[in-house]
Amino acid sequence: MHINSDAMCWMNGEIMAASEASVSVFDHGLLYGDGVFEGIRFYHGAPFRLLAHLKRLQDSARAIALTLPLELELIAEAVEQTIHAFPEADGYLRLVVTRGVGTLGINPENCAAPTMFIIADHLTMISQEKRLQGVKTIIAATRRLSPDGLDPRIKSLNYLNHILARMESNHAGADEALLLNAQGFVAEGTADNVFIVRDDVLITPPLSDGALAGITRATVMEVATTLGIKARELSVAPYDLYTADECFLTGTGAELIPVSSIDGRTVPGCPGPVFEQIGLGFHALVERECRGRQV
Ligand SMILES: Cc1ncc(COP(=O)(O)O)c(C=O)c1O
């Protein structure tokens, strides 16, 4: 396993090489997945939609009764310091807040104070070739956790069911897995939201079907409106995926990735005209928002 030697980390107010940063074996983030996180891209030295990410972090933390160790403005400053310390202007941040160091038992009351760290690194989810040609997907047998177990809007450190789904796609020789909710409707990918296009209408599952409120998802909806493309939140059944004109994935890590097949059914438009238009609009918006706004 190769760790990028340029990767940097903010921890307890200090910037260090990520390879030097560590957390305790008694940290409940590690022992129980008790914590929340954000993945944030920066372009031209400026974080994309930082406020939306910090707001989601705050909501995730509130939902699990975790007090963030710093006010949001100070977290924003820590983000800026971390970006500054990274030698390149484009990269990816992983901001993690855990319940902190505690006793071995599960009780969160025994954790002294939250642990927070921010890693700056590169993130390459897929090869450039696949980004252009599209990714093969499967519908996983592993279901998205239902809200009565763990609300999917909480961006928590519990990703085991997504990892199991991703293992299914690895096993099937595919690149990504799509998860259904308990009712059999499409929720999302393992670390991304899903869109389809049918008769020139852009469709994505509503959050109530088990999707994370993706910031890229929201940006894509915004871009669609600006371009005059009809966009709707509608439940998506496997049939709708199999018969879609286009399908693509969105996420901070993924950005926008076209899907070439789903369970062996070829998606005819890959990349399709709506994807191409949205992609251009998305990247233009990123340039507008981040260029010249270096921290
Ligand atoms: C489960 C899941 N769904 C969707 C997304 C996409 O969200 P965003 O666009 O905010 O990165 C992510 C990535 O953070 C994710 O982990």
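**Exercise 1. Find the buried residues of helix α8 and work out how they are arranged around its axis.**

Solution. Remember as you go that this is a predicted model.

- Step 1: Pick out the buried residues of α8, which are Val274, Phe275, Ile278 and Cys290.
- Step 2: Look down the axis of α8. The buried residues fall within an arc of 100 degrees, so they line one face of the helix.
- Step 3: Recall a general rule. An α-helix has 3.6 residues a turn, so residues three or four places apart point the same way.
- Step 4: Turn to the other side of α8, where Pro273, Leu280, Ala284, Glu287 and Arg288 are exposed.

**Exercise 2. Compare the reach of α8 with the expected span, then inspect its surroundings.**

Solution. 

- Step 1: Helix α8 covers residues 273–290, which makes 18 residues.
- Step 2: From its first C-alpha to its last, α8 reaches 26 Å, close to the 26 Å expected at 1.5 Å a residue.
- Step 3: Look just past the helix. Gly292 there has a positive phi of about 75 degrees.
- Step 4: Now check the loop between β15 (265–266) and α8, where you will find Pro271. The peptide bond that joins Cys270 to Pro271 is cis, with omega near -10 degrees.

**Exercise 3. Arg49 and Asp199: is each one buried or exposed?**

Solution. 

- Step 1: Start with a general point on backbone angles. Most residues other than glycine have a negative phi, and most peptide bonds are trans.
- Step 2: Arg49 is not a glycine, yet its phi is positive, about 55 degrees. Asp199 also has a positive phi, near 50 degrees.
- Step 3: Locate them. Arg49 sits in the loop between β4 (46–47) and α2, while Asp199 belongs to the loop between β10 (193–198) and β11 (201–204).
- Step 4: Count neighbours. Arg49 is buried because it has 20 other C-beta atoms within 10 Å, and a residue needs 20 or more to be called buried. Asp199 has 7 C-beta neighbours inside 10 Å, so it counts as exposed.

**Exercise 4. Describe how domain 1 touches domain 2.**

Solution. 

- Step 1: The domain assignment gives domain 1 as 8–121 and domain 2 as 128–288. Their C-alpha centres lie 26 Å apart.
- Step 2: Domain 1 brings 20 residues to the contact and domain 2 brings 11 residues.
- Step 3: On the side of domain 1 that touches domain 2, the elements giving two or more residues are β3 (35–43), α2 (50–63) and β5 (91–98). Of these, β3 gives the most, with 8 residues.
- Step 4: Sort that side of domain 1 by class, and you get 9 nonpolar, 7 polar and 4 charged residues.

**Exercise 5. Which residues are the closest to the ligand, and which elements give two or more residues to the shell around it?**

Solution. 

- Step 1: The ligand is surrounded by 13 residues, and the closest are Gly214, Ile215, Thr216, Gly251 and Thr252.
- Step 2: Two or more residues of the shell come from each of α6 (215–227) and β13 (246–251). The largest share, 3 residues, belongs to α6.
- Step 3: By class, the shell around the ligand holds 3 nonpolar, 7 polar and 3 charged residues.

Technical notes: Residues numbered from 1 in each chain as written. Predicted model: local features only at pLDDT ≥ 70, side-chain atom pairs only at ≥ 80, totals over all residues. Near = placed C-beta within 6 Å. Helix = DSSP H or I, 4+ residues; strand = E, 2+ residues; numbered from the N terminus. Nonpolar A, V, L, I, M, F, W, Y, C, P; charged D, E, K, R; others polar. Expected span 1.5 Å × (residues − 1). Buried ≥ 20, exposed ≤ 12 C-beta atoms within 10 Å, placed from the backbone. Arc of directions from axis to C-beta. Domains from an automatic or database assignment. Contact = placed C-beta atoms within 7 Å.
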